[in-house]
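I opened this notebook to record what I looked up in the structure. The entries follow the order in which I took up each topic.

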Amino acid sequence: MPTTTRFKLPDVGEGLTEAEILSWEVKVGDTVEVNQILCEIETAKSAVELPSPVAGVIDALHAEEGDTVEVGSVIVSFRMGAAVAEKSPTQPEPAAVVAPAAPKAAEAVAIADDVDSEPDEAEEREVKILVGTGPSKLAARRRHLRPRSELPVDVQHSVVTTAPAVYRGGVERREPIKGVRKATAAAVTGSAFTAPHVTEWLAVDVTETMKLVRVLKSDPQWEGVRVNPMLLVAKALLIAVERCPEVNARWDESAQEIVYYGHVNLGIAAATPRGLVVPNVKGADQLSLAGLARAVQQLVEVARTGRTRPADLQNGTITITNIGSLGVDAGTPILNPGEAAILAFGAVRPTPWVVDGEIAVRDVTQLALSFDHRLVDGELGSKVLTEVAAVLTNPVSALLRTQESRG
């Protein structure tokens, strides 16, 4: 007996509630195999491809490209069993078969719960795969506007009077708040108004760090490895955390405890076309300088394509952000939620500097460390910042001492 299998949008990350359909890779009437890509979605964290959980024929698509869909909503129906066998490879699809538009909210219940309401409809079942499906029964939320002619007269008038405002020759543009930007906004707002932020700044002579960067770039052993000042700043922060482990912590409000991590998952803030993401290098404190360089390079390259895995965005312990790459000298970074500190690395500029009582032109940068004052007091924050500065001032000696201390 033919059956219809319904596939609900799963939670492809930890605790996600919705996703946007970026593109469909299939259409109604297509025969698909298990693990064939059905569509690409954008979650609050990254773009993800959804594979088919079954082999069958696409019976209906319940959302359109651009729709935001709640986790647990049906997005695809498959025709299974005899219905698949009846299809011939050369048999044309009926002209009337098209992908239905996503249902209105009132129709969502019929799709999600009342699947046996039509007398001739085949037996249906649900498929729950991947990470899992959420409890929501809502269908895709429509973002499309109805034609003005279909609106009531008083509403038509409102549409006319609320046309985009013209300003300096341009037209006002609006975009829905969704995806990565929506998640980032919620995270930084929650962080800013939950954790009491303190930021300290320090100007640092990084002339020797810049020399080391040039040496490593010219070393054949480092061929293919991206070496830049950010790499050495990241390493300096890891050394500072090793010397000041209390900064690598989080505040557990529900348990009324401070959790001190036994490892360092180093977050790297990365700007992407979809917004800011902060993937993290797992176990960064255990990596060599070359290993850290490769791990950071891979994370950043993947992040810029918008395809960071949800796992790479979770469980960070401390973060670094390179605002200097944007030509900015300093700033007050907001903590990544669940972390005690974040280090901002500013632009490196030739600057007059006193060296051994004489004025010299040196490469100087600004470091800014923001920290959660519930966890980190001024003394600890200052120590962390000065430890980072000490490594960057004389990086070769610092790296050698670290290597010797580890045996």
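**Entry 1: helix H6 and its partners**

I began with the contacts of H6 (contact means heavy atoms within 4.5 Å): Leu-231, Leu-232, Ala-234, Lys-235 and Leu-238 in H6 meet Leu-289, Leu-292 and Ala-293 in H7. I note that the model is predicted, that local features need pLDDT of at least 70 and side-chain atom pairs count only at pLDDT 80 or more, while totals for chains, interfaces and linings use all residues. Residues are numbered from 1 along each chain as its sequence is written, and side-chain values use heavy atoms, with hydrogens and water left out.

I took helices (H or I, at least four residues) and strands (E, at least two) as DSSP runs, numbered from the N terminus. For axes I used lines fitted to C-alpha atoms, for helices over the stretch in contact, with angles from 0 to 180 degrees between N-to-C directions.

Helix H7 covers residues 289-304, and its axis lies 10 Å from that of H6 at an angle of about 120°. H6 passes H7 in a right-handed crossing; a crossing is right-handed if the near helix is turned clockwise from the far one by less than a right angle, and left-handed if anticlockwise.

I then turned to helix H8 (residues 378-393), whose axis comes within 8 Å of that of H6 (residues 229-243), the two crossing at roughly 130°. H6 and H8 are therefore oblique to each other (under 35 degrees counts as roughly parallel, over 145 as roughly antiparallel, 65 to 115 as roughly perpendicular and the rest as oblique). This crossing of H8 by H6 is right-handed. On the H6 side I found Leu-232, Val-233, Ala-236, Leu-237, Ile-239, Ala-240 and Arg-243, which meet Lys-383, Val-384, Glu-387, Val-388, Val-391 and Leu-392 in H8.

**Entry 2: the sheet with E5**

I looked up an open sheet of four strands, with the order E5-E4-E2-E7 and antiparallel pairing (two strands pair if DSSP finds at least two bridges between them). E5 and strand E7 (68-70) stand at the edges with a single partner strand each, so one side of each has no neighbour in the sheet. The twist averages 40° from one strand to the next.

Strand E4 (residues 37-42) is joined to E5 by five bridges, and strand E2 (residues 18-24) to E4 by four. Ile-21 has Ile-41 in E4 as its bridge partner.

How enclosed is E5? Four of the five residues of E5 (residues 47-51) are buried, so the strand is largely enclosed by the rest of the structure. Buried means under 20% relative accessible area, exposed over 50%, and partly exposed in between (1.4 Å probe, protein chains only).

**Entry 3: Glu-40**

I located Glu-40 in strand E4, where its bridge partner in E5 is Glu-49. Glu-40 is buried, with a relative accessible area of 13%. Its side chain makes a polar contact with the side chain of Arg-307 at 2.9 Å (a pair of N or O atoms within 3.5 Å; within protein, one must be able to donate a hydrogen and the other to accept it, and residues adjacent in sequence count only if both atoms are side-chain atoms).

**Entry 4: strand E19**

I found four of the five residues of E19 (residues 318-322) buried. Three bridges join E19 to strand E15 (residues 266-268) in parallel, and Gly-267 stands opposite Thr-319. E19 also pairs with strand E20 (residues 341-345) in the parallel sense over four bridges.
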